[in-house]
Amino acid sequence: MRRPQRRRGWRAADFDHAAVRPFALLFGAAVGLWFPDIDQTVPLLDHRSVVTHSVLPALLAALWLPRALAAGIAMGVAVTLTADLFPERWVGFATIHLPLFGSIAGASPVWLGLNAVAAMAVAHRCAGLRGAPTTARAGTAAWLIGPDRMLFAVTAGVAAVYIVLGEGKLVPLAAVLAVWVAGRGMARWAPAGGR
Ligand SMILES: [Zn+2]
C-alpha cells in the first residue's frame, strides 16, 4: 500500500503569494528571537530556563501555526540559542536552569547546541526541504526564492543583525551558519511528521 504523500513546501492556504513568505519568516524570527527570554517574566522559571531555552517553542509553533510563520519562529529560537552559546563566562544566568533544581552548569552549552540544531531542523521542516515552492507561478521566481534559499538568506540576515550589530560579535554568526547546516541534516533524517 502506498503511503500518503507528504506535502512539501509551503501551503497555499497559509501564504499564497511567494512575496509574503520572507515577511512571515522575518516576523516569526523576531518572535522566536525574543521568546526564550520570556522566562524572566514567568513565575517559577529562572532565566535561561530549560523550558524556553529549548526546541519546545519551535515544536509548538510547528504544531499550531502556519508553516512560514512557524519556520521563522523556529529559526529565531535557533539563532537566539546559538547566540546564548557565547557568554562572557559560563556562570550564573549564562547557564541553563531547571525549574526548582537550579543550574545544569557544565551541561548548558551541550543543551543549547543540541536544541539550537533541533530548532533549526524544525525551521527547515516547516519551510519545506526541497523543491520549488508549490505556489510560485514563475519558474525563475521559484528558483530564486525556493524555501531552502530563502530560509538561508533570512537566517543569515537575522543573525547578522541580531549578533553582529546587536552584540558586536562575529564568531556566533559562523556558529549560526553551522547550526543551519546541521539543522538541515537533522531535518532530512528525522522521522516524517507534522503536516
Ligand atoms: Zn536567553
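1. A residue is taken as buried if 20 or more other C-beta atoms lie within 10 Å of its own. By that criterion, 43% of the 195 residues of the chain count as buried in this predicted model.

2. The chain has seven helices and two strands, and from the N terminus on its elements follow the order α-α-α-β-β-α-α-α-α. Among contacts with a separation of 6 or more, 73% are accounted for by residues 24 or more positions apart.

3. The largest nonpolar core has 47 residues, and those with the most contacts inside it are Ala-71, Ala-74, Ala-78, Ala-119, Met-120, Val-122 and Ala-123. Two or more residues are given to this core by each of α1 (21–34), α2 (56–64), α3 (67–83), α4 (108–127), α6 (147–167) and α7 (171–189), with α3 giving the most, namely twelve residues.

4. Ala-74 deserves a look of its own: leaving aside residues up to four places away in sequence, Ala-74 touches Gly-32, Ala-58, Ala-61, Ala-62, Ala-119, Val-122, Ala-123 and Cys-126.

5. The axes of α6 and α7 come within 9 Å and cross at roughly 155°; since angles over 145 degrees count as roughly antiparallel, the two helices α6 and α7 are therefore roughly antiparallel to each other. Their crossing, that of α6 and α7, is right-handed. On the α6 side the contact is made by Phe-152, Thr-155, Ala-156, Ala-159, Ala-160, Ile-163 and Val-164, and on the α7 side by Pro-172, Leu-173, Val-176, Leu-177 and Trp-180. These residues divide into eleven nonpolar, one polar and no charged.

Definitions and conventions:
Residues are numbered from 1 along each chain as its sequence is written. This is a predicted model: local features need pLDDT of at least 70, side-chain atom pairs count only at pLDDT 80 or more; totals for chains, interfaces and linings use all residues. A nonpolar core is a set of buried Ala, Val, Leu, Ile, Met, Phe, Trp, Tyr and Cys residues joined through C-beta atoms within 7 Å. A residue is buried if 20 or more other C-beta atoms lie within 10 Å of its own, exposed if 12 or fewer, and partly exposed in between; C-beta atoms are placed from the backbone. Helices (H or I, at least four residues) and strands (E, at least two) are DSSP runs, numbered from the N terminus. Two residues are in contact if their C-beta atoms, placed from the backbone, lie within 7 Å. Axes are lines fitted to C-alpha atoms, for helices over the stretch in contact, and angles run from 0 to 180 degrees between N-to-C directions. Angles under 35 degrees count as roughly parallel, over 145 as roughly antiparallel, 65 to 115 as roughly perpendicular and the rest as oblique. A crossing is left-handed if the near helix is turned anticlockwise from the far one by less than a right angle, and right-handed if clockwise. Ala, Val, Leu, Ile, Met, Phe, Trp, Tyr, Cys and Pro count as nonpolar, Asp, Glu, Lys and Arg as charged, and the others, Gly among them, as polar.
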